[in-house]
Amino acid sequence: AEHQHDAARSAEVGGATGERAYWNFDRVLKGLQSRGGTMISAAGALDAIRREHFRPVPAGVSDDFFVSTQAVLAGQRIVFAPEAIVSGPVTVSDDAEFERKIRVIVRGLRGVWAVRPLLNPLAHGLYAVQLASQKLARRLLGIPLLVMALTALLLVRRGRVYQLAVAVNVLVHGLAALGFLFRGRPLGHRRILSFPLYLDMVNAAGIVAA
């Protein structure tokens, strides 16, 4: 079972709106995965697994991910329970949230390594592709984005496509910088600023975690 997570953050966190948008998207994604076969994994605020599928959690990995994926290894499904509601503590600062993201991504990447047989599409089909996409590619997205941004700067005089890429980068990261500057203020909670800030924070955390 998977929880419906209330990811609201305190007014002091600049990326609160972005965090909420992420969790709203994540709930929809988990629901679709459940309907299509199985979710990739459960989240730890509220989840359950059959006793016979439980395995001790290795040190340094996400316990919710590792425990729930044991069901998939056993040929079972992970299903979404949208009626379940969970509340949790709020993050008190952007710095604390950034450190939390790094910690979560590090443990998540180690978790994927611990269940790496699930990445074999010959044995696990579409699930292996979903796992690689969601738990590896999405978490490490900041690396190719950084390479693309630097490459576009180097090639900016070579054509309009590179000039457009630079313009998009300046716009997105500029809005993120404004979101950081106005964090904790009403302007900082507007989606046009908070969402780019959240994306930059997550991608930066992924780079540091890697």
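Helices here are DSSP runs of H or I, at least four residues, numbered from the N terminus. The model is a predicted one. Helix α3 covers residues 94-114 and holds both Arg-100 and Glu-97. The two sit 3 residues apart, about one turn of the helix. Their side chains form a salt bridge, with the closest N and O atoms 2.8 Å apart.

Glu-97 has a relative accessible area of 2% and is buried, because buried means under 20%. Arg-100 reaches 23%, so it counts as partly exposed.

## A network around Asp-26

The count of salt bridges comes to 3. Shared partners join Asp-26, Lys-30 and Arg-138 into one network.

Take Lys-30 and Asp-26. Their side chains meet in a salt bridge at 3.5 Å, N to O. Both lie in helix α1, residues 16-36. They are 4 residues apart, so about one helical turn separates them. Lys-30 is buried, and Asp-26 is too.

Arg-138 also meets Asp-26 in a salt bridge, here at 4.0 Å, N to O. This pair links distant parts of the chain, 112 residues apart. Arg-138 belongs to the loop between α5 (126-137) and α6 (142-154), while Asp-26 belongs to helix α1. How exposed is each partner? Arg-138 has 29% relative accessibility and therefore counts as partly exposed. Asp-26 has a relative accessible area of 3%, so it is buried. As a general point, side chains of opposite charge can pair when their charged atoms come close.

## The largest nonpolar core

In soluble globular proteins, nonpolar side chains tend to be buried together. The largest nonpolar core in this model has 14 residues. Which members touch the most others? They are Phe-65, Val-72, Ile-78, Val-115, Leu-118, Tyr-127 and Leu-131. Helix α2 gives the most, with 3 residues.

Leu-131 shows how the contacts run. Setting aside neighbours within four places in sequence, Leu-131 is in contact with Ile-40, Phe-65, Leu-118, Leu-119 and Leu-136. Phe-65 and Leu-118 are themselves among the core members that touch the most others.

## A separate core

Another core lies apart from the largest one. This other core has 5 residues, among them Ile-102, Ile-105, Leu-109 and Ala-205.

Note on methods:
Residues are numbered from 1 along each chain as its sequence is written. This is a predicted model: local features need pLDDT of at least 70, side-chain atom pairs count only at pLDDT 80 or more; totals for chains, interfaces and linings use all residues. Side-chain values use heavy atoms; hydrogens and water are left out. Buried means under 20% relative accessible area, exposed over 50%, partly exposed in between (1.4 Å probe, protein chains only). A nonpolar core is a set of buried Ala, Val, Leu, Ile, Met, Phe, Trp, Tyr and Cys residues joined through side-chain atoms within 4.5 Å. Contact means heavy atoms within 4.5 Å.
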